[in-house]
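Dear colleague,

I am passing a structure on to you. Please look at it first, and then read the notes below.

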Amino acid sequence: MLELATLDRVIHEPARLMIMTTLFAVDEADFLYLQRECGLTQGNLSSHLAKLEETKYVLIEKTFKGKYPLTLCSLTKKGRKAFEEYVRKMRFVAKATPATNR
C-alpha cells in the first residue's frame with residue numbers, strides 16, 4: 001500500500017478535500033458559495049483556504065462587487081495537478097483493496 005502512504009496530507013484532510021473537490025468542478029467560486037457547499041463556518045473555511053493558499057494549491061483574489069467585498073477562489077495548476085494525483089492514488093488503493101463479504 002505504498003500509494004496510501006504517499007497521499008497528500010494537505011488534501012486528505014476532510015474539509016480541504018471538500019474544498020478541493022468543489023473547486024475542481026468549477027473555474028472559480030466565491031467564498032459564500034464554498035461555505036454553503038462545504039458546510040463550513042467562516043473561520044473554518046478561512047483557515048483551510050489559508051493552508052491551501054500557502055501550499056500554492058488555491059489562488060485567492062479579493063475584489064469588490066459594487067460596494068461589497070468579494071473573495072474569489074480557484075485551483076492553481078499545481079493544485080489541479082495535486083488533486084488529480086490524489087484521486088489517482090485513491091482509485092488505485094480502492095481497486096487494490098479486496099472486497100469482503102459480510
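**Salt bridges**

Arg88 forms a salt bridge with Glu85, and their closest N and O atoms are 2.8 Å apart. A salt bridge here is a side-chain nitrogen of Lys or Arg within 4 Å of a carboxyl oxygen of Asp or Glu. Both Arg88 and Glu85 belong to helix H6 (residues 77-96), where they are 3 residues apart, about one turn of the helix. Arg88 is partly exposed at 38% relative accessibility, and Glu85 is partly exposed at 32%. (Buried means under 20% relative accessible area, exposed over 50%, and partly exposed in between, with a 1.4 Å probe and protein chains only.)

The model is predicted: local features need pLDDT of at least 70, side-chain atom pairs count only at pLDDT 80 or more, and totals for chains, interfaces and linings use all residues. Residues are numbered from 1 along each chain as its sequence is written, and side-chain values use heavy atoms, with hydrogens and water left out.

How many salt bridges does a search of the whole structure find? It finds 2. Besides the pair in H6, there is a salt bridge between the side chains of Lys51 and Glu54, at 3.9 Å from N to O. Lys51 and Glu54 are separated by about one helical turn, because they are 3 residues apart in helix H5 (residues 42-54). Lys51 is partly exposed, with a relative accessible area of 30%, whereas Glu54 is exposed at 57%.

**The chain as a whole**

The protein chain has 6 helices and 3 strands. Helices (H or I, at least four residues) and strands (E, at least two) are DSSP runs, numbered from the N terminus. Along the sequence their pattern is α-α-α-β-α-α-β-β-α. The C-alpha trace spans about 55 × 30 × 20 Å along its principal axes. Of the 102 residues in the protein chain, 34% count as buried.

**The sheet**

The 3 strands form an open sheet in the order S1-S3-S2, with antiparallel pairing. Strand S1 (29-30) and strand S2 (58-65) are at the edges and have a single partner strand each, so one side of each is left without a neighbour in the sheet. Two strands pair if DSSP finds at least two bridges between them. S2 and S3 pair in the antiparallel sense over 8 bridges. Two places to look at in this pairing are Thr63, which stands opposite Leu70 in S3, and Lys65, whose bridge partner in S3 is Tyr68. The hairpin of S2 and S3 has 2 residues between the strands, and Gly66 in this hairpin takes a positive phi near 70 degrees.

Where does Lys56 lie? Lys56 is in the loop between H5 and S2. Lys56 has a positive phi of about 65 degrees, although it is not a glycine. Lys56 is exposed, with a relative accessible area of 55%. Lys77 lies in helix H6 and is exposed at 79% relative accessibility. Lys77 and Lys56 are 21 residues apart along the chain, and their C-alpha atoms are separated by 9.0 Å.

**The nonpolar core**

A nonpolar core is a set of buried Ala, Val, Leu, Ile, Met, Phe, Trp, Tyr and Cys residues joined through side-chain atoms within 4.5 Å. The largest one has 23 residues, of which Ile19, Met20, Leu23, Leu49, Tyr57 and Val58 touch the most other members. Helix H2 (9-12), helix H3 (14-24), H4, H5, S2, S3 and H6 each supply at least two residues of this core. H3 gives the largest share, 4 residues.

**The largest pocket**

Which residues line the largest pocket? They are Asp30, Phe31, Leu32, Gln42, Pro69, Leu70 and Thr71. (On a 1 Å grid over the protein atoms alone, a pocket is an open set of points where a 1.4 Å probe fits, with protein on both sides within 12 Å along at least five of seven lines; lining residues have an atom within 4 Å of a point.) Helix H4 (31-38) and strand S3 (68-75) each supply at least two residues of this lining, and S3 gives the most, with 3 residues. Leu70 of the lining is the residue that Thr63 stands opposite.

Regards
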